[in-house]
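Me: Hi! I'd like to go through this structure with you, starting with its charged pairs. Could you take a look?

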Amino acid sequence: KSTLDFASRTMLVTTNAKSNQKVEYDDALIREFDMEIERIKMEMTNAEEGRRKMKQLLQQAEEQIICLRATVELEKSKAVSLEKQKDDSIVQAEKLVTDHDRTTKTLLNEITELKARNEEETSMAHSEDKKEGL
């Protein structure tokens with residue numbers, strides 16, 4: 001309880017402290033402060049200029065990204081188109097190979113038949129020659 005009473009009493013105490021020390025600014029100190037203010041202003045100006053340049057570079061980079069994305073999409077669509085053309089060409093080539101094989105088979109069969117007929121006709125001609133020679 002006594003601690004609470006003490007705390008209550010200390011809260012009632014007020015002070016009116018005043019500094020009895022006078023600060024005198026001489027011209028050298030004021031010039032130093034002015035120079036410091038100018039230096040800070042220059043730093044702020046340089047920082048603002050740097051910020052503007054960075055903002056401009058960022059905007060240019062964003063524009064390049066947009067262009068690159070468009071280029072990538074265009075190249076993707078070209079790749080898809082070329083892939084389709086390749087697939088179509090493969091199908092067409094396979095059809096040509098099949099047609100070629102079929103035509104080759106047909107021609108070989110015709111050649112075989114013609115050879116057989118030729119041999120048959122030659123054989124018949126020899127037979128007739130032998131009959132006539134007798």
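Me: Where do Glu 73 and Lys 76 lie, and how many residues apart are they?
Reply: Both sit in helix α2, three residues apart, which is about one turn of the helix. Helices here are DSSP runs (H or I, at least four residues), numbered from the N terminus. Before we go on, this is a predicted model: local features need pLDDT of at least 70, side-chain atom pairs count only at pLDDT 80 or more, and totals for chains, interfaces and linings use all residues. Residues are numbered from 1 along each chain as its sequence is written, and side-chain values use heavy atoms, leaving out hydrogens and water.

Me: Thanks! What do the side chains of Glu 73 and Lys 76 meet in?
Reply: They meet in a salt bridge, at 3.8 Å from N to O. The term means a side-chain nitrogen of Lys or Arg within 4 Å of a carboxyl oxygen of Asp or Glu.

Me: And how many salt bridges does that rule give?
Reply: The count comes to twelve.

Me: Back to that pair: how accessible is Glu 73?
Reply: Glu 73 is partly exposed, with a relative accessible area of 48%, and Lys 76 is partly exposed at 48% too. Buried means under 20% relative accessible area, exposed over 50%, and partly exposed in between (1.4 Å probe, protein chains only).

Me: OK, what about Asp 88, which residue does it form a salt bridge with?
Reply: Its partner is Lys 84, and the closest N and O atoms are 3.2 Å apart. Both lie in helix α2, four residues apart, about one turn of the helix. Lys 84 counts as exposed because its relative accessibility is 52%, whereas Asp 88, at 43%, counts as partly exposed.

Me: Nice. Which residues are linked in a network with Arg 39?
Reply: Glu 36 and Glu 43 are linked with Arg 39 in a network of salt bridges. For Glu 43 and Arg 39, the closest N and O atoms are 2.2 Å apart. Those two are also in helix α2, four residues apart. Glu 43 is partly exposed at 44%, and so is Arg 39 at 39%.

Me: Changing topic: which residues form a nonpolar patch on the surface?
Reply: That would be Leu 107, Leu 108 and Ile 111, with about 270 Å² of accessible area together. Patch residues have over 30% relative accessible area and no salt bridge; like charges are joined within 9 Å, nonpolar side chains (Val, Leu, Ile, Met, Phe, Trp, Tyr) within 5 Å. Accessible areas come from the Shrake-Rupley method with a 1.4 Å probe, and for residues only the protein chains shown count as cover.

Me: Where is Leu 107 found?
Reply: In helix α2, residues 27–133. Leu 107 is partly exposed, at 45% relative accessible area.
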